[in-house]
Amino acid sequence: MRNLRIGLLLGLRQIQRANKWTTLLIIFVMMFTFLNLIAVSGILVGLITGAERAVKAEALGDLILTEKDSEDRLLDTESILRELATYPEIEAFSVRYTGGGELEAHYKERRSLTAERDIAQVTVTGVDPILEDQMSGLSDTVIKGEYLDPNEEGYILIGYYYLEEFAEQFGDIFDTIANVEPGDTVRLTVGDISKELIVKGIIQSKVDQVSLNTYITEREFRRLFGRLDRNADQIVIRVKTPGTEATLKEAFVANGLDRLAKIQTYDEGKPKFITDIKNTFNTLGSFIGSIGIVVASITIFIIIFINAMSRRQQIGILKGIGIERRVIEIAYVFQAATYALIGSGLGALLTYGFLIGYFEKNPIHFPFSDGILVAPPEETFIRFLVLFVITLIAGFLPAWMIVRQNTLNSILGRK
Amino acid sequence: MTTIINATNIHRKFGEGNLVTHVLKGIDFQVKQGEFVAIMGRSGAGKSTLLYQLSVLDQPTEGSVVIDDTDVLKLNEKERTSFRLNTLGYIFQNYALIPDLSAEENVMVPLLMKGLTWEEARSKAQKSIDDVGMSGKYNNLPAELSGGEQQRISIARAIAGKPKILFADEPTANLDSVSGQQVIDLITTLNRENGQTIVMVTHEREYAVNCQRVVHIEDGKIVDEERLR
């Protein structure tokens, strides 16, 4: 305690009397090191989190009801829907019917049977346009034309990955049709049944489940696909209070809904690769950040070393008049700790006070997601602890090296 | 009077092999409690080196040093540091104040190290600074004081802990004659009024006249000793 008190006094006075610009520079180095540590991995993880958030909002929702493993579809969908209507915790839900079909364009202009057909194998989703819009905001993704009207039939929304002009940027990955605009007629074939549909709109989203999809009304879908039992493929639900989906799931299970459908929260139902990529990016970010830590610790080492070297005579005098080595080491460790604390504090202030909000409002646009900055406080705290401990070591080592030199040699400035 | 310093057959060599410099060549040196002894000699004679051996800042190559019944050569580094803190006081020719600390804090640090509370250390430090005639300069940084004033603070630091022996290594070397004389008068007063044991290195005869004994060193050996009082 005595050593600590005197060490802190010496350290504090050294900071107070140090060159202000040098101190400012050290604090900036620490701040940028902290930001490097937090922001690099935060943005990398934020790319996936942005994608995940979009998938949750535009496709999967908070809870997903799908067919049980032994079934093809949700059993007794009508009963499920009646049950869902009794839960006030549900903000919105959408019933989806899905199937595959062949979409053909420009068939009317085809002059001979041998001419190449403009076709694409597509996913078709039948929805109630109003419920789907409430659930996923599908109408917001319309970039050309209009959204589906529940009272109209014979219309289709086409995801932009199925259109040659939009999908070009991805090479030949997607099966596409060319030059289709709202108002054009296309033919959708499911098995032996074909139906002419008018393109109502083109939809664009960074979520594949939306952009690589076509939407028609559920009535139309059931007729086209012969799904007369009204059993759907998927029901997606959004809860009023985020974070309560697990509780709602428990309530569903308690009321026997799990006999009719497989019930999963988003976290349970999301593809595993998302979690894997997220972890990989996090590790990558930590690795890049750790290079920053090494640079910062070397910087702190050099600064403290030069500082201690330039005060070698004073250190010798302190030892000469009876001050223990440990006290002097504490003084330098205190300085390093102060730099780390202030630098990290400013970094944290900048991260939580500005950067996270900024990236939330101005996400980084990537083809597959809108990247945000993700910095969970508990992870940030762990990274700060790592930075802090390494800084303490970087402050201690040079002090230790110089303090252990011969006292008289230090006082007299001899080597 | 009891012998407080008893150094026997002190040798100090620097370097190795053919480059060995033999600075002290078998010095026997005793100081009695309450004595004020000056060590004089030309530059390079070995007077400061002798002081460093006596003041536990250095270790002789050969010989023994017993201070206040403690064989200081048997102490480890931590014990020597503690011994210096509790038994010895130092006045260096370059004042040796810590520039980041105020005058008061410079004096307080060894007192805090001795285990005094902040208030006790502060009170003792202020009294010590008052005793060397520097009242009102408690909060000045060393850079804000003249050379003579800094040396007074250095003396205040050395005596605040009431050391058994005070070592002064050419305390007037960096001072003008007026300031130098004031410092010598202050040191003399400490000896005469408080019975402080003092060992001082100086190369100026005029500053040694107040001592009880002057030891002359030449080429690493004591060549003469005169008793003035």
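Among contacts in chain B between residues at least 6 apart in sequence, 66% join residues at least 24 apart. Keep in mind that this is a predicted model.

As for the overall build, chain B has 7 helices and 10 strands. Its radius of gyration is 17 Å, close to the 17 Å that the globule rule gives for 229 residues, so chain B is as compact as a globular protein of that length. Laid out along its principal axes, the C-alpha trace of chain B spans about 50 × 40 × 40 Å. Buried residues account for 48% of the 229 residues in chain B.

Now for strand 3 of chain B, residues 36-40. Is this strand enclosed or open? With 5 of its 5 residues buried, it is largely enclosed by the rest of the structure. "Buried" here takes 20 or more other C-beta atoms within 10 Å of a residue's own. In a regular strand, side chains alternate between the two faces of the sheet. Both faces of strand 3 of chain B are covered: one side carries Phe36(B), Ala38(B) and Met40(B), the other Val37(B) and Ile39(B), and all of them are buried.

Strand 3 of chain B also has pairing partners. It runs parallel to strand 8 (residues 197-201) of chain B, joined by 4 bridges, and it pairs in the parallel sense with strand 9 (residues 213-218) of chain B over 4 bridges.

A separate piece of chain B is an open sheet of 4 strands in the order 2-1-4-5, with antiparallel pairing. Its edges are strand 2 (21-32) and strand 5 (70-71) of chain B, each of which pairs on one side only. Strand 5 of chain B is held to strand 4 (residues 62-67) of chain B by 2 bridges, and the two run antiparallel.

Here are some individual bridge partners from these strand pairs:

| Residue | Bridge partner | Strand of the partner |
|---|---|---|
| Val37(B) | Val199(B) | strand 8 of chain B |
| Ile39(B) | Val215(B) | strand 9 of chain B |
| Val66(B) | Asp71(B) | strand 5 of chain B |

Finally, the contact between the chains. How many residues does each chain put in? The contact takes 17 residues from chain B and 17 residues from chain A. On the side of chain B that touches chain A, helix 2 (77-87) and helix 3 (103-113) of chain B each supply at least two residues. By type, the residues on that side of chain B come out as 11 nonpolar, 3 polar and 3 charged.

Methods
Residues are numbered from 1 along each chain as its sequence is written. Chains are lettered from A and ligands numbered from 1 in the order in which they are written. This is a predicted model: local features need pLDDT of at least 70, side-chain atom pairs count only at pLDDT 80 or more; totals for chains, interfaces and linings use all residues. Two residues are in contact if their C-beta atoms, placed from the backbone, lie within 7 Å. Ala, Val, Leu, Ile, Met, Phe, Trp, Tyr, Cys and Pro count as nonpolar, Asp, Glu, Lys and Arg as charged, and the others, Gly among them, as polar. Two strands pair if DSSP finds at least two bridges between them. The radius of gyration is taken over C-alpha atoms; the globule rule is 2.2 Å times the number of residues to the power 0.38. A residue is buried if 20 or more other C-beta atoms lie within 10 Å of its own, exposed if 12 or fewer, and partly exposed in between; C-beta atoms are placed from the backbone.
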